[in-house]
Structure formats: C-alpha cells, structure tokens
Amino acid sequence: MTDTDGTAGLDRRLADALERLGHGMRSLAQRTAREHGLSPLQQQAVLALARHPRERREVAVLAAEFDVTTPTMSDAVTALERKELVTRSPGTDGRRRALTLTATGEEVAHGLSSWDDPLTAALAAVPEADRATTLHTLLRAIEGLQRAGVVNLTRTCTTCRFFGRDEHDDPDVPHQCHLLRMPLPLTDLRTDCPEHEPANAPSRGKQRSSAS
Ligand code: SF4
C-alpha cells in the first residue's frame with residue numbers, strides 16, 4: 001500500500017528492507033557456499049557444527065535451527081559425510097548420532113567464517129545506539145514470528161523464559177535476565193544464548209532458584 005506522498009507505510013517499508021536484506025544475504029551465502037563446493041544448507045550446517053556444543057550437534061537440532069525438515073537436513077549431512085567434512089558417532093544416549101567436523105571440515109568452517117563480512121562491515125558504520133535499537137526491534141519481530149509459528153527454534157532473549165521485559169526505567173537497559181540475575185543492556189541482548197530456555201519450557205530456573 002502506498003501513502004499519498006508516494007511512500008509505503010513504515011511497516012511495509014521495514015518488511016521490504018528486511019526482504020531485500022534477506023535476498024542479499026542468500027545470494028552472498030550461495031556465492032561462498034559455491035566457492036567451497038557446498039550448498040547453502042550444507043554451509044549453514046558446517047558453520048553451526050563449528051560453534052555448537054556437542055549436545056546440539058545433531059541432525060534434528062540443526063533441522064529445527066534452520067527451519068527445514070529432518071530428512072532435508074539428514075540429506076545435507078549425508079552429502080557432508082561423502083565430502084569427508086563430517087562424521088556421525090553414537091550420541092550420549094547411544095541412539096542419536098552426534099555430528100563432528102573432521103579436520104578438513106574444521107578447515108572449511110574456518111574458511112567460511114567470514115562469509116557475512118560485507119554485512120558486518122556495513123553495520124559497523126552505523127552508530128552503536130542505532131545498532132542496539134535495531135537488534136532489539138529484530139528480536140521482537142523474531143519473537144512475533146515464533147509465536148505465529150513462522151520460525152521454529154530460536155535462542156534469543158525475547159523468546160526465553162528468563163527474560164524480564166521492561167523491568168527497568170533506563171531506555172538503554174530496560175530488560176532483566178532472571179537466570180543471570182542482571183539487567184540486560186540492549187547492546188547485550190543475545191541471539192544464540194547457551195542458557196536459553198523456551199518461554200513455555202518447564203521450570204529449570206525455578207528449580208535453580210529454589211535450590212539456591
Ligand atoms: S538466559 Fe540467556 S537468552 Fe535467556 S534472558 Fe538470560 S541472557 Fe537472554
């Protein structure tokens with residue numbers, strides 16, 4: 001929809017900008033993946049395996065993280081096994097298969113780690129206060145998309161059961177983490193927190209606080 005001055009509404013333009021950004025990032029990912037003989041999904045899997053702790057290195061976990069079906073992720077991992085970048089071994093319960101990067105896989109992950117440098121360089125030119133507000137806005141949008149069932153697994157502060165929204169008057173530090181027991185500046189909001197628990201998860205925090 002276009003306003004009388006010829007511009008679309010703010011929400012429409014924000015959505016357009018995000019869509020444009022998504023196109024750019026997809027094309028960047030395709031280019032770097034191609035340079036390493038991978039598909040974009042295989043590239044995402046390699047990068048995730050390089051940074052995830054062992055308990056998150058499983059096909060089903062990666063599938064949820066990247067919003068694809070388990071068979072689709074399994075196919076991508078099988079291709080990575082064929083390329084000798086990944087191995088599967090029995091997981092902690094003996095049934096699930098833990099994924100591990102081979103030495104070659106680690107090298108490829110290192111080579112891929114700067115795939116989004118053009119974006120981070122562009123962001124670095126924006127004042128920190130604006131970046132913090134943008135991060136906050138994007139995390140709230142992700143929260144809304146998760147609630148609507150559009151995205152699956154996220155480990156962001158705004159979808160975490162320990163997140164205390166707007167508990168402080170300081171506009172730069174409005175939220176609280178009830179697990180870490182500290183205020184959360186907008187600049188420190190997390191996008192992949194190892195302590196994250198979904199907002200509707202059983203109460204590990206309560207167990208912890210009642211134990212302490
Ligand atoms: S546990 Fe992590 S994700 Fe959850 S509110 Fe605290 S810092 Fe954010």
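Two strands pair if DSSP finds at least two bridges between them. Helices (H or I, at least four residues) and strands (E, at least two) are DSSP runs, numbered from the N terminus. The model is a predicted one, in which local features need pLDDT of at least 70 and side-chain atom pairs count only at pLDDT 80 or more, while totals for chains, interfaces and linings use all residues. Residue numbers start from 1 along each chain as its sequence is written.

Select residues 175-177, strand 4, together with strand 5: the two pair in the antiparallel sense over three bridges. Within this pair, Cys177 has Met182 in strand 5 as its bridge partner.

Next, pick Arg181, in the loop between strand 4 and strand 5. Its phi is near 55°, a positive value in a residue other than glycine. Most residues other than glycine have a negative phi. Arg181 counts as exposed because it has 10 C-beta neighbours inside 10 Å (exposed means 12 or fewer other C-beta atoms within 10 Å, with C-beta atoms placed from the backbone).

Move to Asp67, in the loop between helix 3 (59-65) and helix 4 (70-82). Phi of Asp67 is also positive, near 55°. With 11 C-beta neighbours inside 10 Å, Asp67 counts as exposed.

How values were computed
Buried ≥ 20, exposed ≤ 12 C-beta atoms within 10 Å, placed from the backbone.
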